[in-house]
Amino acid sequence: MKNQIHIDRDFGWFIGGFDNNQKHSHYAIQLNIPLDNRIIIKTSETTVETENPILIKSNVVHQIVSDSRHFLLLINPASTIGHFWSHLVGKEIQEVNLRPTKDLKSALMDKGQKQIPTKELNSIIEAHDCFCNLAIHKGDDRINKALSYLRNHSERIVPIEEVANYSHLSSSRFLHLFKEQTGITYRRAQLWNKLTKSISHFGEMSLTEIAYQNGFSDSAHFSREFKVNFGFTPRDFLKISQFIQV
């Protein structure tokens with residue numbers, strides 16, 4: 001089965017293997033599910049080697065040192081789906097065997113599947129958010145309103161003043177409440193939006209064109225931010241990603 005990647009508004013996932021991942025951190029919540037062998041993930045504090053699903057908090061420096069095939073899910077914490085997953089993470093990095101991860105692993109390991117079950121995987125991910133029957137909590141209604149607004153305008157960078165006004169908050173109060181409720185800054189949330197959008201242009205434009213198209217000052221700026229968030233430069237990512245994007 002070929003490597004495969006899927007990018008959505010609130011999450012993205014990759015199925016495959018790579019062995020030159022560098023230490024990095026990103027504001028996304030990360031879930032890894034080993035598919036063939038045990039997977040090894042290093043952080044500044046510990047090394048975890050396991051065959052179970054592993055969940056990593058936002059902004060934790062980590063490195064995947066195994067080239068075994070696995071499922072890697074990145075979730076935007078500034079989303080209703082991210083709200084759900086953020087309350088499953090107790091430690092910086094931990095093994096998790098809860099219903100969402102069990103459902104995902106079951107779909108991935110189904111021997112009857114000849115192709116990667118993209119629709120089933122996305123359905124499982126989208127079913128677990130703070131507005132479903134399994135909600136852990138709904139959070140602050142004003143930030144939930146802002147998250148919905150950002151979701152509906154994900155094609156552009158939304159100014160702080162615009163989303164704060166929509167949420168009936170001052171800009172300073174909105175920034176404070178947003179960080180308190182999501183665990184990340186509004187600036188980081190918008191950077192994530194730009195980076196995930198950029199991936200859809202890989203193979204279609206030059207890195208310079210992608211950088212300008214997505215609001216970066218130049219290709220060097222884009223490459224630095226990409227590596228900090230994903231552990232690869234855009235060029236390295238293109239080399240390992242002979243993927244089918246769906």
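Predicted model: local features only at pLDDT ≥ 70, side-chain atom pairs only at ≥ 80, totals over all residues.

**Exercise 1.** Which residues in H4 meet which residues in H6?

1. On the side of H4, the residues are Arg 142, Ile 143, Ala 146, Leu 147 and Leu 150; on the side of H6, they are Arg 173, Phe 174, Leu 177, Phe 178, Gln 181 and Thr 182.
2. Sorted by class, the contact of H4 with H6 comprises seven nonpolar, two polar and two charged residues.
3. As for geometry, the axes of H4 (residues 141–152) and H6 (residues 171–182) come within 10 Å and cross at roughly 90°. The two helices are therefore roughly perpendicular to each other.

**Exercise 2.** Determine how H2 and H3 are oriented to each other, and describe their contact.

*Solution.* 

1. The axes of H2 (residues 99–109) and H3 (residues 118–127) cross at roughly 180° and come within 10 Å.
2. Angles over 145 degrees count as roughly antiparallel, and H2 and H3 are therefore roughly antiparallel to each other.
3. H2 contributes Pro 100, Asp 103, Leu 104, Ala 107 and Leu 108 to the contact, while H3 contributes Glu 120, Leu 121, Ile 124 and Ile 125.
4. The class division for H2 with H3 is seven nonpolar, no polar and two charged residues.

**Exercise 3.** Characterise the packing of H7 with H9.

*Solution.* 

1. H7 (residues 186–199) and H9 (residues 219–230) have axes 11 Å apart and pack at an angle of about 100°.
2. H7 and H9 are therefore roughly perpendicular to each other.
3. From H7, the contact takes Arg 187, Arg 188, Leu 191, Trp 192, Leu 195, Ser 198 and Ile 199; from H9, it takes Phe 222, Glu 225, Phe 226, Asn 229 and Phe 230.
4. By class, seven nonpolar, two polar and three charged residues make up the contact of H7 with H9.

**Exercise 4.** In what order do the three strands of the open sheet lie, and which are the edge strands?

*Solution.* 

1. The order is E5-E4-E7, with antiparallel pairing.
2. The edge strands are E5 (47–50) and E7, each of which pairs on one side only.
3. From one strand to the next, the twist averages 15°.
4. Between E4 (residues 39–43) and E7, the antiparallel pairing extends over three bridges. Ile 41 has Ile 64 in E7 as its bridge partner.

**Exercise 5.** How many cavities of 30 Å³ or more does the structure hold, and what lines the largest cavity?

*Solution.* 

1. The structure holds one cavity of 30 Å³ or more. The largest cavity contains about 290 Å³ of space.
2. Its lining consists of 25 residues, and those nearest the centre are Phe 14, Leu 72, Leu 74, Phe 230 and Phe 237.
3. Two or more lining residues come from each of E1 (4–7), E2 (11–16), E7 (62–64), E8 (70–75), H7, H9 and H10 (234–240).
4. E2 gives the most to this lining, with four residues.
5. By class, the lining of the largest cavity has 15 nonpolar, nine polar and one charged residues.

How values were computed
Residues numbered from 1 in each chain as written. Heavy atoms only, no water. Axes fitted to C-alpha atoms, helices over the stretch in contact; angles between N-to-C directions. Parallel < 35°, antiparallel > 145°, perpendicular 65-115°, else oblique. Contact = heavy atoms within 4.5 Å. Nonpolar A, V, L, I, M, F, W, Y, C, P; charged D, E, K, R; others polar. 1 Å grid on protein atoms, 1.4 Å probe; cavity = no way out; pocket = protein on both sides within 12 Å on 5 of 7 lines; lining within 4 Å. Points joined across faces, edges and corners; volume = space filled by probe spheres on them. Pairing = 2+ DSSP bridges.
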